[in-house]
Amino acid sequence: NLEDQNANVISATDTVNISGKNFFASSKGKKYYTLGCSAGKTIKQENRVYFETREGAERAGYELSSGCR
């Protein structure tokens, strides 16, 4: 099933290993995003910081983006 095959594809431009990571933030910002949230799509790969959990992102000082709620 093509839909099932594409379900695990994040982006062809993702060059970092994000296995197990569910959230990301900009190293230059204060908000974090879920991987599927379109609000964070403009953040450049080289500026992204990944987290496994919401708690991890929040401990690092990030707040969930209102666009991902």
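Strands β2 and β4 run parallel, and 2 bridges join them. Keep in mind that this is a predicted model.

**How the strands pair**

- On one side of the story, Y32 has L64 as its bridge partner in β4.
- β2 (residues 31-34) also pairs with β1 (residues 23-26), and here the strands run antiparallel, with 3 bridges joining them.
- β1 and β2 make a hairpin, with 4 residues sitting between them.

**Zooming in on L64**

- L64 is part of strand β4.
- Is L64 buried or exposed? L64 counts as buried because its relative accessibility is 11%, and the cut-off for buried is under 20%.
- Leaving aside residues up to four places away in sequence, L64 touches K31, Y32, R54 and R69.
- L64 and A25 are 39 residues apart along the chain, yet 9.1 Å separates their C-alpha atoms.

- Where does S65 sit? You'll find S65 in the segment after β4 (63-64).
- S65 has a relative accessibility of 8%, so it counts as buried.
- Again skipping residues up to four places away in sequence, S65 touches K31, Y32, Y33 and A39.
- K31 and Y32 turn up among the contacts of L64, and K31 and Y32 are also touched by S65.

Terms used. Residues numbered from 1 in each chain as written. Predicted model: local features only at pLDDT ≥ 70, side-chain atom pairs only at ≥ 80, totals over all residues. Heavy atoms only, no water. Buried < 20%, exposed > 50% of the residue type's maximum accessible area, 1.4 Å probe, protein only. Contact = heavy atoms within 4.5 Å. Pairing = 2+ DSSP bridges.
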